[in-house]
Amino acid sequence: MEDQWQRAYDFAVEVARKAGEEIRKAGEREIRVMTKSSTVDLVTKTDERVEKIIIGSLTDEFGEGTHCFIGEESVAKGEPCILTDKPTWIIDPVDGTTNFVHGFPFVAVSIAFAVNKQLEFGVVYSCLEDKMYKARKGKGAFCNDQQIQVSDVKDIHKSIIISEHGTDRSPEKVTKTFSTMQKILCIPVHGLRGSGTAATNMCLVATGAVEAFFEIGIHCWDIAAGAVIVQEAGGILLDVDGGPLDLMSRRMVSANNETIAKRIIKEIEIFPVVRDDAPAEKQ
Ligand SMILES: Nc1ncnc2c1ncn2[C@@H]1O[C@H](CO)[C@@H](O)[C@H]1OP(=O)(O)O
Ligand SMILES: [Mg+2]
């Protein structure tokens with residue numbers, strides 16, 4: 001099994017690079033934008049095409065029916081989003097679609113692999129920066145083959161914190177999000193940031209550029225690969241209520257250490273979201 005997953009890990013890096021090249025090339029052409037759940041929830045032909053390329057390449061390599069797939073665009077088209085014990089790939093072909101559409105230079109391919117519901121490895125290719133982040137359980141985290149580590153800052157006053165606004169613009173949710181941001185800003189912290197892609201945000205935690213990234217509303221494909229990378233870089237992952245991370249809950253705090261994570265959690269105003277694995281009628 002050990003060797004088999006190593007082959008899968010190496011292959012995932014290759015596939016992520018190929019997908020990133022496709023995204024870069026597509027960005028040079030005219031981008032046709034469509035919407036999903038609302039006018040600000042964007043999707044492009046590139047998202048759909050790149051997901052097909054990734055799933056097609058993995059199926060060709062590992063055989064039809066041997067592995068399961070949870071992909072952002074497949075789920076959007078009605079495929080199930082249930083994590084079972086089977087070997088499962090969790091894929092976001094274009095994380096940061098809004099950035100991609102606008103030419104804002106942070107767009108990532110995110111590919112994670114889980115077995116028995118445990119994440120084995122994660123690959124995030126920040127394709128416009130040409131940064132390949134990867135981590136395998138127990139083997140460390142890397143950016144372009146250099147080992148990376150979270151920051152050692154424990155004092156919240158010396159931290160930079162990332163969060164994002166997501167695509168749900170209901171006033172109640174936006175008020176809570178901004179209230180949380182205001183409280184954190186006024187602790188005070190050194191700064192608040194956001195790259196527009198959850199996967200890249202998690203890699204910024206992993207390299208030590210920021211101390212934490214939290215969000216309510218993200219999906220499992222936004223964070224699965226980043227979760228392995230943060231953990232292997234020495235960081236911590238929690239639910240926004242301080243409990244253990246639940247990949248399907250759409251709530252996450254990733255941080256360099258528990259002190260920073262718990263301090264942020266004190267300020268987070270939680271609002272309800274529908275789980276990724278909720279039955280279709282509840283979505
Ligand atoms: N409803 C939602 N709320 C919050 N974040 C979301 C979201 N839907 C997607 N995201 C992801 O969170 C980050 C920005 O908020 C992006 O990584 C974006 O992924 P996407 O570009 O693949 O849609
Ligand atoms: Mg995404």
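Author: Happy to, and what follows is a chat about this model, which is predicted.

Reader: Great! Which domains does the chain have?

Author: The domain assignment gives domain 1 (2-147) and domain 2 (156-265). Taken over C-alpha atoms, the centres of domain 1 and domain 2 are separated by 20 Å.

Reader: How many residues does each domain put into the contact?

Author: Domain 1 contributes 35 residues and domain 2 contributes 25 residues.

Reader: And which element gives the most to the side of domain 1 that touches domain 2?

Author: That is strand 6, with 6 residues. Other elements supply at least two residues each, among them strand 4 (88-95), helix 4 (97-102) and strand 5 (108-115). Sorted by class, that side of domain 1 has 19 nonpolar, 10 polar and 6 charged residues.

Reader: OK, changing topic. What surrounds ligand 1?

Author: A shell of 17 residues, and the closest are T97, E164, G166, A198 and G217. By class, the shell around ligand 1 has 2 nonpolar, 8 polar and 7 charged residues.

Reader: Which domains does the shell around ligand 1 draw on?

Author: Domain 1 (2-147) and domain 2 (156-265) each give at least three residues to that shell.

Reader: Where does UniProt place the feature "binding site"?

Author: The UniProt record, an unreviewed entry, places that feature at E72, D92, D95 and D222. Those positions span 151 residues in sequence, yet no two of their C-alpha atoms are more than 9.4 Å apart, so they gather at one spot.

Reader: What about D95?

Author: D95 lies in strand 4 too. D95 counts as buried, with 33 C-beta neighbours inside 10 Å. Not counting residues up to four places away in sequence, D95 touches A108, S110, T197, A198, A199 and D222.

Reader: A198 and A199 turned up there. Which helix has them among its buried residues?

Author: Helix 6, whose buried residues are A198, A199, T200, N201, M202, C203, L204, V205 and A206. Helix 6 (residues 198-207) is mostly covered, as 9 of its 10 residues are buried.

Reader: What follows helix 6?

Author: G208 follows helix 6, and the phi of G208 is positive, near 90°.

Reader: Now I'm curious about G71. Where is it, and what does it touch?

Author: G71 is found in strand 3. Not counting residues up to four places away in sequence, G71 touches E51, I55, I91, P93 and W221. G71 counts as buried, having 24 C-beta neighbours inside 10 Å.

Reader: How far is G71 from I270?

Author: Their C-alpha atoms are separated by 26 Å, and G71 and I270 are 199 residues apart along the chain.

Reader: One more topic: how many residues are in the largest nonpolar core?

Author: The largest nonpolar core has 80 residues, and those with the most contacts inside it are I111, A206, A212, I229 and I264. Helix 7 (residues 220-232) provides the largest share of this core, 9 residues. At least three residues of this core come from each of domain 1 (2-147) and domain 2 (156-265).

Reader: Which residues is I264 in contact with?

Author: Leaving aside neighbours within four places in sequence, I264 is in contact with I161, I184, A212, F214, V253 and A255.

Reader: Last one: could you tell me about F113?

Author: F113 lies in strand 5 and counts as buried, with 27 C-beta neighbours inside 10 Å. Not counting residues up to four places away in sequence, F113 touches A8, A12, P87, W89, E120 and F121. F113 and R136 are 23 residues apart along the chain, and their C-alpha atoms are separated by 9.6 Å.

Reader: Thanks, that helps a lot!

Conventions:
Residues are numbered from 1 along each chain as its sequence is written. Chains are lettered from A and ligands numbered from 1 in the order in which they are written. This is a predicted model: local features need pLDDT of at least 70, side-chain atom pairs count only at pLDDT 80 or more; totals for chains, interfaces and linings use all residues. Domain bounds come from an automatic or database domain assignment. Two residues are in contact if their C-beta atoms, placed from the backbone, lie within 7 Å. Helices (H or I, at least four residues) and strands (E, at least two) are DSSP runs, numbered from the N terminus. Ala, Val, Leu, Ile, Met, Phe, Trp, Tyr, Cys and Pro count as nonpolar, Asp, Glu, Lys and Arg as charged, and the others, Gly among them, as polar. A residue is near a molecule or strand if its C-beta atom, placed from the backbone, lies within 6 Å of it. UniProt positions are given in the numbering used here, feature names are shortened, and annotations may be inferred rather than shown by experiment. A residue is buried if 20 or more other C-beta atoms lie within 10 Å of its own, exposed if 12 or fewer, and partly exposed in between; C-beta atoms are placed from the backbone. A nonpolar core is a set of buried Ala, Val, Leu, Ile, Met, Phe, Trp, Tyr and Cys residues joined through C-beta atoms within 7 Å.
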